[in-house]
Protein chains: 2
Amino acid sequence: MVMTVPPASNTPPSPSCRVLCVGAAVLDTLFRVRSLPTGQGKLLPYDMLQVAEGMASSAAFAVARLGGSASLWAAVGGDATGERLIADLSKSGIDTSGMVLVEGARSAVSTILVDDQGERLIVPFYDACLHHTVKPVTAQDVSSFDAVLVDVRWPELALQSLLAAREARKPAILDGDVASDGVIEMLAPAASHIVFSQPAAERLAGSADLVEVVGLLKRRFPHAFISVTAGEKGSFWFDDATGGIFHLAAPQVTVVDTLAAGDIFHGAFALGTAEGMPIGETMRLASMAAALKCQVFGGRIGAPTRAEVGAALLDWSARGLAVLPNGPALEIAECSQTQSRLF
Amino acid sequence: MVMTVPPASNTPPSPSCRVLCVGAAVLDTLFRVRSLPTGQGKLLPYDMLQVAEGMASSAAFAVARLGGSASLWAAVGGDATGERLIADLSKSGIDTSGMVLVEGARSAVSTILVDDQGERLIVPFYDACLHHTVKPVTAQDVSSFDAVLVDVRWPELALQSLLAAREARKPAILDGDVASDGVIEMLAPAASHIVFSQPAAERLAGSADLVEVVGLLKRRFPHAFISVTAGEKGSFWFDDATGGIFHLAAPQVTVVDTLAAGDIFHGAFALGTAEGMPIGETMRLASMAAALKCQVFGGRIGAPTRAEVGAALLDWSARGLAVLPNGPALEIAECSQTQSRLF
């Protein structure tokens, strides 16, 4: 027997929870091409889209699409791209009043080629001057939010934001993606929740066995909730209530574009956490939001609404299964029936 | 003995000549990378620049930088990129009042990767809807210009503009770059001057011997002045006064970025023609303007001023040499001394 999805996944609380996202804002130019380039010459794309995104920005958009209230702290340069980034993100329902305009710096831009096999070539440019200045962050600054999510693109502000969130007793969530040396190490101790990307987790743990990786990362950061998103391999987490490691398969979808899927996962995770959802339901919400996004070309534009995720979750019976470190996934018969125990 | 450069190359006439440029306007994103990509992954550029350019736009900028008065007819979409293109080109001294904003179309954008060997990967996107509508062009519309230059990106408007220029007895110049099938064939009969790029000329003539190519193209388009720009191989043209084919070596420069060099050549050529300069001096002006541009990263941004070109021309003794079809370049001893005869 499979339990039905609790209402929490379908209906956001009213008033909506507030999530602060801290980090990247980038003007992405996406080109769809038949195949990726292999040297010099001219490559003609058959579709193109320009969109303001970046890890924290896309996560904020996911929060807004899922019915939450999203605020973004990110820096843009004093150029036309910066104006466009702020305008585009504001139009997308994100509160951009906390964004910073840095005169003399260039806004971040990125070109992304996506081929018909879904493979990607990313050329991101970040001006080193963009993140030089960091405003101080106090517990009071973040006290009106129900969760704070930071990425690794603006480490100094991320650290201040996480520390302020901890002081304000709010969830302090780290998007643990691949970053410059030492950034994860600096931010992780300040986080209450860490959602690692697979490459970052494997690199940090020095292992490619994701169950083992989760265990190793939990031992390294025992104070925090630890999870790893691994795309089509699903997601893994350490369940602090039971001490078990859990795996949730990825929803089966026709993948068109995985760009920003991880960010949508993080945004949904932050919103679920802000709403106080049980962790298993939070992971289901985040997994489904990310999966639905992958069916649409256009990076974060494909982020689904709460109603779309809710409908898809009704049809999706998969739940987190406890798995043994260093071994195959162990199906626990009752895990899909006794949600309260497992989640 | 080498003749000194005539004042025409240094000092533009007053009031400045007016050149109308018709064709492309593109928001280019230039990335400097150590080496070009060879498949999927992430490629970190070490420099980046966004600039409004495209063939006709860059040519118009060259005209303005060289002291001419430049107007641009080009289409942009009804999007943020379109606003930026018009603002950027206006700020660069180009009269954009004749530009067209096409609601429902996306502005043209292009990403260009330039590696440390100067090799390029270009990913250009043109919305098919951008050039659907063409306004009628009369001789009166172009009568206030001293020359009209068209590229191959908006063929229908280019054709009307060339025909109007011919009717108004103004130089009607075609930038004969590689284009869709039949475009050059459609435009060339309406042009009074054609400056081919090397690949387009070779493709059209079915030969890789540039002297032979010039002869073949002259026989095909006998009504027009015929020339070919060939980058570091210099430029070639058919001299209508003597019936000879001439070659002008390229100035020796340290090449950093050849992007838009051809367009700068065309803009300078159009201005020289508008000013009524002898053809040999026009080719020297255009060659030097393009060469100086190559020393600077940033596409059309590197276009030199008239004073910069004038100073460089004083130090550059090279002049067009008559060459024999199908044979090696023939040095004519007196060619650098009897400019009036050769040019």
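This passage describes confidence, the contact between the chains, and selected side-chain arrangements in a predicted model.

For the complex, the predictor gives an ipTM of 0.81 and a pTM of 0.84. The average pLDDT of chain A is 90, and 91% of its residues score at least 70. Residues 1-9 of chain A have a pLDDT below 50, and this stretch has 26 contacts in the model beyond near neighbours in sequence. Residues 327-343 of chain A also have a pLDDT under 50. For residues 327-343 of chain A, the model has 33 contacts beyond four places in sequence.

The contact between the chains involves 33 residues from chain A and 32 residues from chain B. About 2800 Å² is buried between chain B and chain A, and carbon and sulfur atoms give 60% of this area. Of the area that chain B buries against chain A, 18% is supplied by Gln40(B), Met48(B) and Val123(B), more than by any other three residues. Two salt bridges are counted between chain B and chain A. A salt bridge joins the side chains of Arg106(A) and Asp47(B), with an N to O distance of 3.1 Å.

Over all chains, the structure holds six aromatic pairs. One of these is formed by Phe225(B) and Phe269(B), which are stacked, with 5.6 Å centre to centre and 20° between the planes. This pair links distant parts of the chain, since its members are 44 residues apart. Phe225(B) belongs to strand 12 (residues 225-229) of chain B, whereas Phe269(B) belongs to helix 8 (residues 261-274) of chain B. Phe225(B) and Phe269(B) are both buried.

Charged groups also sit over aromatic rings in the model. In chain A, Arg300(A) lies over the face of Phe61(A), at 4.4 Å from the ring centre. In chain B, the charged end of Arg300(B) is placed over the ring of Phe61(B), 4.4 Å from its centre.

Ala80(B) is part of helix 2 (residues 80-91) of chain B. Ala80(B) counts as partly exposed because its relative accessibility is 35%, a value between the limits of 20% for buried and 50% for exposed. Along the chain, Ala80(B) and Phe269(B) are 189 residues apart, and their C-alpha atoms are separated by 33 Å.

Notes: Residues numbered from 1 in each chain as written. Chains lettered and ligands numbered in written order. Predicted model: local features only at pLDDT ≥ 70, side-chain atom pairs only at ≥ 80, totals over all residues. Heavy atoms only, no water. Phe/Tyr/Trp six-rings, centres within 6.5 Å; stacked < 30°, edge-to-face > 60°. Helix = DSSP H or I, 4+ residues; strand = E, 2+ residues; numbered from the N terminus. Buried < 20%, exposed > 50% of the residue type's maximum accessible area, 1.4 Å probe, protein only. Lys NZ or Arg CZ within 6 Å of the ring centre and 35° of its normal. pLDDT = per-residue confidence, 0-100. Contact = heavy atoms within 4.5 Å. Buried area = accessible area lost by both parts, 1.4 Å probe. Salt bridge = Lys/Arg side-chain N within 4 Å of Asp/Glu carboxyl O.
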